[in-house]
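Visitor: I would like to learn how to read a few features of a model. Where do we begin?

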Amino acid sequence: MEMEVSAAKNDRSRARNRRARDVEFGISNSNRSRLGGSSSDDQHGIETPQTKKKYLQRLTGHQSYILEGFFGICEHPDENQRRRLSESTGLAMQQVKFWFQNKRTQVKHLTEKEETYGLKVQNEMLRDENKSLKMAPRNALCPTCSDLPTENHHSREMRLLMEQNEWLKQEILRLHGEKDASSNHYAQVDPYAKIVVALQNDIDMITELVQKALHEFVILSNINSPLWLSVPVLDGSFEILNKTKYVEKFGGDNSASIIGFKTEATRANAIVMMDAKNIVDYLMDTCCASLCPGILYSAKTTKVYKWPTNAHYNGAMYLMTTETMFPSSLVPSRKCTFVRYCRVIQNGKVVIVDVSLDEVDGTFSNCRKMPSGVLIQTMGPNTSKITAIEHVQVEDMGINELYQPCISGLMFGARRIVTSISRQCARMRELCYVTKRVLSVNSKGRETLMKLADDLLMSYTSSVTTIPEDAWTIMCSIGTDDYIKIAHKRNINNRNTAIVFVSASFHLSMPLRVTFDLLKNNLLRPKWDVLVNGGVVGEEVQVSSGIQPGDAISLLHVKYISMTDQPVTQIKENILQNSCYDVSGSFIVYSPVDIKLMDNIMIPNDMEESKVFTYPTGFSLLPVDESTKDGIALGEDGATLVTMGSHVPLKLAHGTGLCPRFVSATIGIMSENIATIKSTLTNINRMYYRSSQSPILT
């Protein structure tokens, strides 16, 4: 009797264990036979190894494609939809159900990681702001007495002067040592000694100029300085120099305007996900253009005055020449030659200061840098705060009247530089961490796609501004209502073909935020994009995403449905897109890419990005602040200046240039395209936006 009771208890225990496993794996009694379980095994609560292996096997590529595609449309399928998915994939309904549950959990987990990352950045910014507010009473200014800070500010000035004094003492000792060493061989001085002495005198003069610029930059970078006027923006900061306060503080000589020149001075700061040492390495090297694609066309070190005293570039002083650009044919580029000096100051902060010399090689540049630069402060592991100041005197000519209403210093100011550095650092972080979703792209493939996206932006911007000038032949420029410009150059990959670039700039009466959202919306794209040509646009994968919304490198797909007597067929095309939103200049740049080529890049191989040829098309956007309301953030109201451009490979006839018929036809096509974009965006704006700040369409 006891044995029977014990056997019954064991049977009930096995039954409970079996039911627990069934719930865990989603197996019911009705479909147990479908999974390969035998009746004898069911009675004893035992799963055969073949059954477990069959159930836990990985999905095929076709099954994953169907489930992933449907998940992008609907994350919560009902019973009928799960039944159809089960029939099309050959999976059990329970498997389909649990796949969607796991997928939702996975996406939620990755989204929480993104939100945590954004909150960490905001926390660092708030912590720094809290620290500055605590220090504000100590650095308070008395407006009724003078413009000078209190005693604590004098103590900081005194520490800075002591550091400069110590450095000068070291220089005096070094010069005395060189003098004593050379006095023993006075009779053997060669005839070139005068040149050496003159060069040394130049270095001493440049060193004195750089030290003055460093002193001024440290004062300007003070977060509580009354020398700046804040411009309302949603993300980050943007400040314009108060020229009256600046003259009172530093005197009129530093801000004296040269005839035909105007002064632009802006300041901005941001938290970036990169340690201070790596940021310094980028900025002090000629590879600094990689942190500012689409802004810096070139950066060259022409002379080294002082080599760094250690591996952190402390004390390094270079003579550099840069060319900056803004993606519009109506805004000329700026070439500037200046001295760049790196110095480590108190609390481990690093200052990289730029200042132009009066003359370099007997020539006067069209852009002079007043004390400008970047202040880098370590905030935590792989986290830094950068404060950039861009103070220049530039020729007051060349910018078209269409861009005259824009805020001074917006196109070439500190805000645009800081945003670019922050964006590139966040994208570099994506090479190690994929936070948006699980991608079928390996790290090498992501790196290649990010490099291609940066090349897209650089190619688009340099083509709009026709840089370098000797490579482009301009056929039509600023002679139409929309400032349509046509230029062409020889294709280095094929001498019998030319690369034609057509660009146009026009005014759009809607805010920057609305314009960017509508142009980036994939549902509206077939209405105006000639590359899509009526197809259905969707996002294939998102290679990387930045901190700000709209900042992403994406691989899109275009599907065309052919309705004929034969079954419905789909022809697929891929588009690589690089986009970013910011009030200092937003852009959406994209180019068609070969499907097989993308497949080779997205899987592990030895594919070189140099074999990929792209012809970018895109938009660059800039806000025009026409709002009369106070407190409205820049870009949330007013209008937008739009520059669109497109590359067209063309075969040349008998090695000559473009024929006039092609030029006139291109102008007509571009004018029609601009009219289509204007009407489409205006109508959609009226239909789907209740106001300029609350979009309905997503």
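Guide: With surface. Accessible areas come from the Shrake-Rupley method with a 1.4 Å probe. This model is predicted, and the accessible surface of its protein chain comes to about 36,800 Å². Carbon and sulfur atoms hold 54% of that surface.

Visitor: How many of the residues count as buried?

Guide: Buried means under 20% relative accessible area. Of the 698 residues in the protein chain, 46% count as buried. The chain has 15 helices and 21 strands. Among its contacts with a separation of 6 or more, 65% are between residues 24 or more positions apart.

Visitor: Which residues of helix 10 are buried, and why do they line one face of the helix?

Guide: An α-helix has 3.6 residues a turn, so residues three or four places apart point the same way. In helix 10, residues 276-283, the buried residues are Ala276, Ile279, Val280 and Leu283. They fall within an arc of 100 degrees when seen down the helix axis, so they line one face.

Visitor: What do the buried residues of helix 10 pack against?

Guide: Their partners include helix 11 (414-430) and several strands, among them strand 3 (261-272), strand 6 (334-344) and strand 10 (383-395).

Visitor: Take a loop residue, Ser329. Is Ser329 buried or exposed?

Guide: Ser329 lies in the loop between strand 5 (317-324) and strand 6. Its relative accessibility is 15%, so Ser329 counts as buried.

Visitor: Which residues is Ser329 in contact with, leaving aside neighbours within four places in sequence?

Guide: Val464, Tyr483, Lys485, Ser503 and Ser505 are in contact with Ser329.

Methods
Residues are numbered from 1 along each chain as its sequence is written. This is a predicted model: local features need pLDDT of at least 70, side-chain atom pairs count only at pLDDT 80 or more; totals for chains, interfaces and linings use all residues. Side-chain values use heavy atoms; hydrogens and water are left out. Helices (H or I, at least four residues) and strands (E, at least two) are DSSP runs, numbered from the N terminus. Buried means under 20% relative accessible area, exposed over 50%, partly exposed in between (1.4 Å probe, protein chains only). Contact means heavy atoms within 4.5 Å. The arc is that of the directions from the helix axis to the C-beta atoms.
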